[in-house]
Amino acid sequence: MPKLLVHFSQHAQPDQPLAPGVQKIVRQANGSIRLVEASQGSLLLAQLSLDDRGLWLQVATGVRGVHVNGRPIRRMALLRAGDAVYVDGVEMLIQGEVDSPVLPPSAQAAVNDDEPRLLRGVGGPHHGRSFTLDRPRVVGRGSDADIEIDEPALAEQHARIELHGERVLLRDLGHGEGSRVNGVAVRHCWLQGGDQVVFDGQHRFVLELANDPQQRPAPREEFVFNDTDAEPAELAPRGVRRWPWLLASALLLAGVLSLLLWFGAR
């Protein structure tokens, strides 16, 4: 089970580790948003549940204003490290484990890699796109960047993702404020499969490695977020669902009777 904690971006309360079980997100009488084990005397807004399947966010009935990475959630979502949960204007980052070297190794040239390694966009303009890591990939605002992110706050060459043997390194190029990996602010970081990398707050990518036993578990695509724009279709009443079949049967019976009368008259 991954080691996760909740980081309050506005420092509403100290970072709080997530233990297996349920922790509730509540609004207290003074209006503050807190993460507690019991909600007595407070308004329950949502709850986080950590189990062997992962970390689940469940929104209380009738509550609105809960978002994950900018997308509204009405019922339930399966979270991963690096996700940003917003509740009534309070941001909570789900932080996981990272491996940040003090001094990164020297850059290497492109290598022949038999195992496919992909950086897949899961948020922002690059959502759905994949970038292979068969060669170093530069992330930045410049038009010559491999992964171009058109944000004024980002440097023309912000970071580079490169292979070192079987390991993947996120290297800060020294022109920005670093990046976030699994919700943790980093400059240089070794990446594992399933790690979520965020540039400039909204450009989200997940590293995918083939056949990596150390790959961090990632939610299946259909469980990442609920489709909040499409409500489940309600089943028609039983009688309404059955009347087309009754009508078809009646027409068929009428046809048979007509044929009998026709041939009988002859």
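**Reading the model**

Tutor: Strands (E, at least two residues) are DSSP runs, numbered from the N terminus, as are helices (H or I, at least four). This is a predicted model, where local features need pLDDT of at least 70 and side-chain atom pairs count only at pLDDT 80 or more, while totals for chains, interfaces and linings use all residues. Residues are numbered from 1 along each chain as its sequence is written, and side-chain values use heavy atoms, with hydrogens and water left out.

Student: Is H7 buried or exposed?
Tutor: Buried means under 20% relative accessible area, exposed over 50%, partly exposed in between (1.4 Å probe, protein chains only). H7 has a relative accessible area of 14%, so H7 counts as buried.

Student: Which residues does H7 touch?
Tutor: Contact means heavy atoms within 4.5 Å. Not counting residues up to four places away in sequence, H7 touches D15, E91, M92, L93 and Q95.

Student: How does strand 1 pair with strand 11?
Tutor: Two strands pair if DSSP finds at least two bridges between them. Strand 1 (residues 4-8) runs antiparallel to strand 11 (residues 90-95), with 4 bridges. F8 has M92 in strand 11 as its bridge partner.

Student: What is the strand order of the sheet that holds them?
Tutor: The order is 2-1-11-10-7-8, an open sheet of 6 strands with antiparallel pairing. At its edges are strand 2 (16-18) and strand 8 (71-72), each pairing on one side only.

Student: Which strands form the 5-strand sheet?
Tutor: That open, antiparallel sheet has the order 4-3-5-6-9. Its edge strands are strand 4 (33-36) and strand 9 (76-79). Inside it, strand 5 (residues 43-51) and strand 6 (residues 54-59) share 6 bridges in the antiparallel sense. S49 is bridged to W56 in strand 6.

Student: Now R137. Which backbone oxygen does its side chain reach?
Tutor: A relative accessible area of 11% means that R137 is buried. R137 is in strand 14 (residues 137-140). Its side chain reaches the backbone oxygen of T132 at 2.8 Å. Leaving aside neighbours within four places in sequence, R137 contacts T132, D146, A159, R160 and I161.

Student: Where is the pLDDT below 50?
Tutor: pLDDT is the predictor's confidence in each residue, from 0 to 100. The protein averages 82, and 80% of the residues score at least 70. Residues 218-242 are below 50, and this stretch has 27 contacts in the model beyond near neighbours in sequence. Where pLDDT is low, the predicted coordinates should not be read in detail.

Definitions and conventions
A polar contact is a pair of N or O atoms within 3.5 Å; within protein, one must be able to donate a hydrogen and the other to accept it, and residues adjacent in sequence count only if both atoms are side-chain atoms.
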